[in-house]
Amino acid sequence: MVVQNDKHASWRGRSESAEADRTSAELEDEESIRQLRTASRKLLGSMMRPHKRSIWFLVGILTVQVLGSMSTPILVMFGIDHGIPAIADHGDYSVMIGVGIAFAAASIIEYVCVRLYIVQSSKVGNTMLYELRKRIFWKFQRLSVAFHERFTSGRVTARQSADMESIRELTENGVDDLVMAAMNVVTITVVMLVIDPLLAAVTLLTFPLMLMLGRWFSKVSAIAYRKARETVAVLIVYFVESMGGVRAVQAYRREDRDRELFSGLNTDNRFAQAKGHQQNAFMSGGMRGIGHLATVVLLLFGGWQVMQGNTEVGVLAAFLLYMKRFFDPLNELVQFYNVLQSATSALEKLSGVLDEEIDVPEPEAPQKIASPRGEIRFDGVGFHYREDQQVLPNLNLRIPGGQTVALVGATGAGKTTIAKLVSRFYDPREGSVSLDGVDLRDLSEADLRANVVMITQENFLFNGTIAENIELGMPGVSRERIVEAAKVVGAHEFIEALPDGYDTHVRKRGGRLSAGQRQLVVFARAFLADPRVLILDEATSSLDIPSERLVQRALRTILADRTAIIIAHRLSTVEIADRVLVLSQGVIEEDGTPDSLIESGGEYATLHRQWADSLV
Amino acid sequence: MRAKTKRKSTGTSDSDDPSTEPTALTNLWRIKKYLRPYRVRLGILWTLVLLNIISGLAIPPLVGRAIDGPIDDGDFSRLWPLVAVIGCLGAADALINLVRRYFQTTTAMAIEADLRAALYEHLQKLHTGFHDRWQTGQLLSRVTTDLGMIRRFFAGGLVFAITSIGMITIILAQLLWIEWRLALIAIASAIPLFLIGRAFFRDFLPAARAEQDQSGEVSSAAEESALGIRAIKALGRGPLMASRFDVEAKELRERGIRKSVIASRSWSAFGAIASAALGAVLVFGAILVANGQMTIGNLTAFIMLQLALLWPIEASGWVMAHGNEAMTAADRVYEVFDTEPAIQDRPGARAVERSDVNGELVFENVRFAFDDDPREILAGVDLTVRPGETVAIAGKTGSGKSTLVSLPSRLNDPTGGRITLDGTDIRDLQLASLRHVVTTAFEEATLFSMSVRENLALGRPGADEHDLEEAVRVAQAEFVYDLPYGLDTRIGEQGLSLSGGQRQRLALARAVVVKPAVLVLDDPLSALDVHTEELVERALAQVLQGTTALIVVHRPSTVALADRVALLHEGRIAAVGRHSELMESSPAYVDVLSAESEEVAA
């Protein structure tokens, strides 16, 4: 047995580009980081702007609350200094009753403020989060297939779960503490300056130290937290994939190896997360140290001042008390700094997503197709996924409306690429693809999808019932139409046999159904969508022969008045085509009706003979 | 709304309504098992917390002495030694704080990572039925969000809670010592606090649970629409998915707000009651003082102490919410931990060695039904596969072929009858060793975002270059060498730039690498073109010579691989024999496997 080198790089393999994991905004250099930070600030601004008034309202409540809480010591003082002598000396209870009433009022104000604040801030915070969630989701939906292939679904999920969670934590805890501490700092500074400017100035000398510490922390921890957001994303990617593919993991007894890799990522994440928190411990200890330093300085300098007769002992005592009230909330805040930094990194990641350029953009002034015929044209189309591998060198092709074209050729000949270009998963690098004379890039997404539908080879089913999955073809359609669609493609029989018929839950990724059954459901879905142009990419490969027979019979009717592009390895499916294109390395080698190609004795004829032999 | 939630919960979890169970605290308590390895560290940590409280409390009296003593006397020479002591204590306090915080986070992170690893390990063991029912997003939110909540509770909330309880007790004792009548007023205020706290626990727990569950739903929706992006784009259903996501996200917002409304009821009352109690004490205290039953100094001290109570009482609201969320999180985590793997080693199961296996696989009256559907998919399958023989399974879509082939490696267990390998019930073999001997490849190749090499060696991490080459050749997957970095190229979760045929060939190669005694293939060649299929079949035929194999087939061309074909019809094996025999004797078989009839009709 060969012992494998367990560095992550080796099992994860090398990616085509080093930036595969990131949005393009997240490059490592200084400049990008600065831009990212600006972008995340902008994002935060745009999140808060619609709630400006509510936020000011919240600040107002907090101010009232702070003032209210500051009144408590004053009331106590007043009660002791004036209330008690009044009772003792004159038997006058009125002052004390007044204090009692003021206390009750303060309590009520506090109650109302706290309650209002919690409810209001939760409303604002949750609404902001909700709006951000929606924006991110929609952005991911609009990003191209190419982006998703690069970024992987796990990372998309990580952005929408773990990163969102970081931001939620920020909105839920601590914002009020932050505001209160800020108010506190300002008030105390002002009070100190008023009482004794010189002593205040000396005390404030510790400010630069605090600022330096804060600067240091926000710099190093930004790096740490950024790293942590990425390690958690990698962890999530791994988790999502290995749980999604748990059947394969179990069947291949991969549990041990899997656990080993996961635990490597888990440990990485643990240390990356801990790093920021550890730096925070330095910050926290440092802040406390500075607080004590301020006390020491104040005692020495203030003591000397008192001895010189420049100030009163009472002033010094007040200063020392204020110092404590100044630093205590700051120490609390340091803890909150963790949450803040973590959320900031998450915001950066999300702003990277929002700023990612959409490489298959919506046209600014979309053109309309009045009455679509379904004519597809490729004019001088060149396409490659990677610079060094031309997939389509220069494709010219016209498919008249209503024609059924089959694409035949070896793996890598470019069949699926053609399908993806027609359904605009990608845009051509050169030339143009057009529908009824309109460049696909000038069609609105909605128009394009109404006219062109592709059935892919992956047979993806969504969580929900069978009926819901079929209904995706035409949302809101009646149950009769759904059943009818299922009948046409021959899925009705097996669906009826399921425990709840059309309302049977397909379970995760359609795990309840076999591959062939899933394919039939997907077929019914596409049939219901009723597009002008239908693309079938290996859409029948999992079907058994009786089902395929049914589907084919259905296809003859379905495709009669539609443009269709069929990619199939099984020539039985190809036979219903009006026209066959044999592709090789992105070039059309043969073009004609099935019969004429068989007669001409070329590549297709050979394939056809092999296929016919395989049937027996 | 209610109906919707109901449907959700059946879609995501098997357990009954979790909120009614009073197990929340128990589940949090169960986590102590994961704290045990860190008990020394935790001991040090608690000591540091204690020291930190002491060091923090030691400074103010010294400051007081400095003011009352040297400063008041104007004696600078006596001031600076005292200040030096304060400075040293301050430095020690800062240092202890630093070390404590450093330890605290490191330990909490370690515990979180351990829990996560344990949860992952448990999830791996759970059978596919569980995974079919649970959306990945729900599992994910348990592994990330919930564990994070538990960690934060142990790192922050718990330390906080204990410190405040300690403070409250000490202060109350002092209050009783000073003036018991006033102290009673302060203590009486604890009654409404207690009642509010109880209501809080009752209402907040389910609300927190509802929010956390919904957060899992949102993750699931996000994950699903990322995985299904092609299907969504192909139909242009982005806006529809967005509006569905919107429903989930909006519900999450509502639940978040609802939770806060509940929290607001008690938090606000906490602070208000405490400060009202302070007012009452002040008024009554003043009367006592006026009547000469108490000194002003004592009243001041009393009120000062009570002021110090305000903060821990207010904070306890926050701590309670934290604790509640941690309890809910622990509940959700244990919901997974408490799901027993349905497929386990029987007591006394024995290991089986590859070299000891002859490879005779026998299905005896095997029955299978899904747990939510009483109807049997397999209703008594009897089939014998002789050592080294290749048997193909044919049957209509939905006839149970895929279910049947999931049984030999125990991805599912039959609900009746048994399967034997060389005469031993496979349930009496250790699961790990059984799957070492029996390998299953599915029609839909699951590829992971890892290097091609890692994907190929999935079932045999120790496979060497030669084994891989051999497997790649058999599966006609030489295209892997043309990838940018050859076998080291990372391929995506969905085999990204690979076509269906390429993915399938990789999956086949993966199965071949294992060189098992029994190979089970679920329609392994469906996405291949005729030419490639022929090449693969030829190479595969050699591999299958010494291997017992069960292959699901859809096409006559694949049947060529098999020595015999079994027709699965209505849950039973309706016919077994050679392809040519069955073509003559069984009309059902002809219907399933012959394209001829269609050709004639066309």
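Let's start with chain B: the C-alpha centres of its domain 1 and domain 2 lie 55 Å apart. The domain assignment puts domain 1 of chain B at 23-337 and domain 2 of chain B at 359-601. Those bounds come from an automatic or database domain assignment.

A word on the ground rules. This is a predicted model, where local features need pLDDT of at least 70 and side-chain atom pairs count only at pLDDT 80 or more, while totals for chains, interfaces and linings use all residues. Residues are numbered from 1 along each chain as its sequence is written, and chains are lettered from A and ligands numbered from 1 in the order in which they are written.

Now chain A. Its assignment gives domain 1 (26-142), domain 2 (182-359) and domain 3 (376-614). The C-alpha centres of domain 1 and domain 3 of chain A are 59 Å apart.

What does UniProt place at residues 376-610 of chain A? The record, an unreviewed entry, has the feature "domain: ABC transporter" there. UniProt positions are in the numbering used here, feature names are shortened, and annotations may be inferred rather than shown by experiment. In the model, this span is 36% helix and 26% strand. Its end C-alpha atoms lie 31 Å apart.

The unreviewed UniProt entry also annotates "transmembrane region" in chain A, at residues 55-80, 95-118, 178-211, 231-249 and 289-307. Take two of these. Residues 95-118 of chain A are 100% helix and 0% strand, with end C-alpha atoms 34 Å apart. Residues 178-211 of chain A are 94% helix and 0% strand, with end C-alpha atoms 16 Å apart. Helices here are DSSP runs of H or I, at least four residues; strands are runs of E, at least two; both are numbered from the N terminus.

On to the interface. How many residues of chain A are in contact with chain B? The count is 159 residues of chain A, against 159 residues of chain B. Contact means C-beta atoms, placed from the backbone, within 7 Å. Helix α11 of chain A, residues 255-308, gives the most to the chain A side, with 30 residues. By class, that side has 74 nonpolar, 54 polar and 31 charged residues. Ala, Val, Leu, Ile, Met, Phe, Trp, Tyr, Cys and Pro count as nonpolar, Asp, Glu, Lys and Arg as charged, and the others, Gly among them, as polar.

One helix pair spans the two chains. The axes of α9(A), residues 206-244, and α7(B), residues 136-178, come within 10 Å and cross at roughly 140 degrees. Axes are lines fitted to C-alpha atoms, for helices over the stretch in contact, and angles run from 0 to 180 degrees between N-to-C directions. So α9(A) is oblique to α7(B). Angles under 35 degrees count as roughly parallel, over 145 as roughly antiparallel, 65 to 115 as roughly perpendicular and the rest as oblique. The crossing of α9(A) and α7(B) is right-handed. Right-handed means the near helix is turned clockwise from the far one by less than a right angle, left-handed anticlockwise. The contact of α9(A) with α7(B) has 7 nonpolar, 3 polar and no charged residues.

Within chain A, look at α12(A), residues 313-355. The axis of α6(A), residues 153-172, comes within 8 Å of the α12(A) axis, crossing at roughly 140 degrees. That makes this pair, α6(A) and α12(A), oblique. Their crossing is left-handed. The α6(A) contact with α12(A) has 9 nonpolar, 2 polar and 4 charged residues.

Then α7(A), residues 175-195. It packs with α12(A) at about 160 degrees, axes 10 Å apart. Therefore α7(A) is roughly antiparallel to α12(A). The crossing of α7(A) and α12(A) is left-handed. Their contact has 17 nonpolar, 1 polar and 3 charged residues.

Conventions: Contact = placed C-beta atoms within 7 Å.
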